Amino acid sequence: MEVGLVQLLRAVWIAGTLSIIIASLPTSRLSSFRAAMLGFAKRGKIMNSSSNKFTVPQRCFLHFYSVAVVWTTFLVVTTWIYASRMAPIASAPFIFSTITSYLIGGSHIFSSHESPSTQFQHSYVVWRAVFLLLLMEVQVLRRLFETIYVFSYSPSARMHIFGYLTGFFFYTAVPLSMCCDLAPGIYKFTANQVTDFIVKSKNQMPAVEFAFSRFVGPFVNLGWPQWLGAAIFFWGWMHQCRCHAILGLIRAHSKQLDKYAIPHGDWFEIVSSPHYFSEIVIYAGLLVASGGANLTIWLLFCFVVANLAFAAAETQRWYFQKFEDYPRSRFAIIPFIF
């Protein structure tokens, strides 16, 4: 089961990335494929308002963000409970004997050191997964809030049904990619807990005692990659919040005047799609926080970069066609690169 799930996720991220790369190749032989990919990617202002075939209203973003919150919360809770039961806090002597390993974050691609015990390694991996899922929870909760309270989608704003379904898959697969290596163990543990509850009934189940140190204490023992990754994550998170606020105001204003305006402020002064760039920063933070040892998260990151770069290039083309005075010094998505 473990190999099947991990390999499936990796295959999907590879297939998605390769499809985007192929569609981006400058050859006329791929024009039909490129047009199809662009049709799937377009939404909102850059989609032709007269083209409503196989499309849904853009406000349907609410659907897969709602699913993302429910699914990610479920994974956070089950993984956290599994971690507290199966990967408890180490004893004091063990902590002192492994302080160097704590400082470097255990065994991962950024370090040549090995963890001193299998027990520590397992505990580290499990609690790192909980940490990644918590960061993802912060992201999807904010996106859900923005969809409801920040963005003012025009009734004419639409997106392709393929993009709509892709959103459901993406926000299901991303949290799962954060803990896919542990998924079989977590599934068996959760299934056993549910079975015990049903068989023994609530009255016969042992009382659950909440110990703060047991549920939260292990985060203190995470290494520097996790906290550096969290810092990068929140740096991108805050900028995306600001950029979405700017876009939200423009959308509300454009509905009143029936005219779209050029965004200004924050990273909009550097790139045309700073909300996409900040999304890349967010996933870069998750990659660093993972320790760089999880190939699935590397492939996820590559897909995010390829997908957002593809969409950003089309957005910039729309800006250039829409506004004669659009700042030509702005890059599409990555400052000073693209």
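Trainee: Where does UniProt place the "transmembrane region" feature?
Mentor: The UniProt entry, which is unreviewed, puts it at residues 12-41, 62-83, 89-110, 122-141, 161-183 and 280-313. Keep in mind that the model we're looking at is predicted.
Trainee: How much helix is there over residues 161-183?
Mentor: That span is 87% helix with 0% strand, and its end C-alpha atoms are 30 Å apart. For residues 12-41, the figures are 80% helix and 0% strand, with the end C-alpha atoms 17 Å apart.
Trainee: Switching topic, which residues have the most contacts inside the largest nonpolar core?
Mentor: Trp13, Phe170 and Tyr283, in a core of 88 residues. Helix H12, residues 295-322, supplies the largest share of this core, with 14 residues.
Trainee: And what does Tyr283 touch, leaving out residues up to four places away in sequence?
Mentor: Its partners are Met136, Phe170, Val174, Leu300, Phe301 and Val304.
Trainee: Back to H12: how far does it reach from its first C-alpha to its last?
Mentor: It spans 41 Å over 28 residues, close to the 40 Å expected at 1.5 Å a residue. At the start of H12, a side-chain oxygen of Asn294 comes within 2.9 Å of the backbone nitrogen of Thr296.
Trainee: One more: is Val130 buried or exposed?
Mentor: Val130 counts as buried because its relative accessible area is 1%, and the cut-off is under 20%. Val130 sits in helix H6, residues 118-149.
Trainee: What does Val130 touch beyond four places away in sequence?
Mentor: Thr79, Trp80, Ala83 and Phe219. Ala83 is 47 residues from Val130 in sequence, yet their C-alpha atoms are 7.8 Å apart.

Notes: Residues are numbered from 1 along each chain as its sequence is written. This is a predicted model: local features need pLDDT of at least 70, side-chain atom pairs count only at pLDDT 80 or more; totals for chains, interfaces and linings use all residues. Side-chain values use heavy atoms; hydrogens and water are left out. A nonpolar core is a set of buried Ala, Val, Leu, Ile, Met, Phe, Trp, Tyr and Cys residues joined through side-chain atoms within 4.5 Å. Buried means under 20% relative accessible area, exposed over 50%, partly exposed in between (1.4 Å probe, protein chains only). Helices (H or I, at least four residues) and strands (E, at least two) are DSSP runs, numbered from the N terminus. Contact means heavy atoms within 4.5 Å. UniProt positions are given in the numbering used here, feature names are shortened, and annotations may be inferred rather than shown by experiment. The expected span of a helix is 1.5 Å times one less than its number of residues. A polar contact is a pair of N or O atoms within 3.5 Å; within protein, one must be able to donate a hydrogen and the other to accept it, and residues adjacent in sequence count only if both atoms are side-chain atoms.
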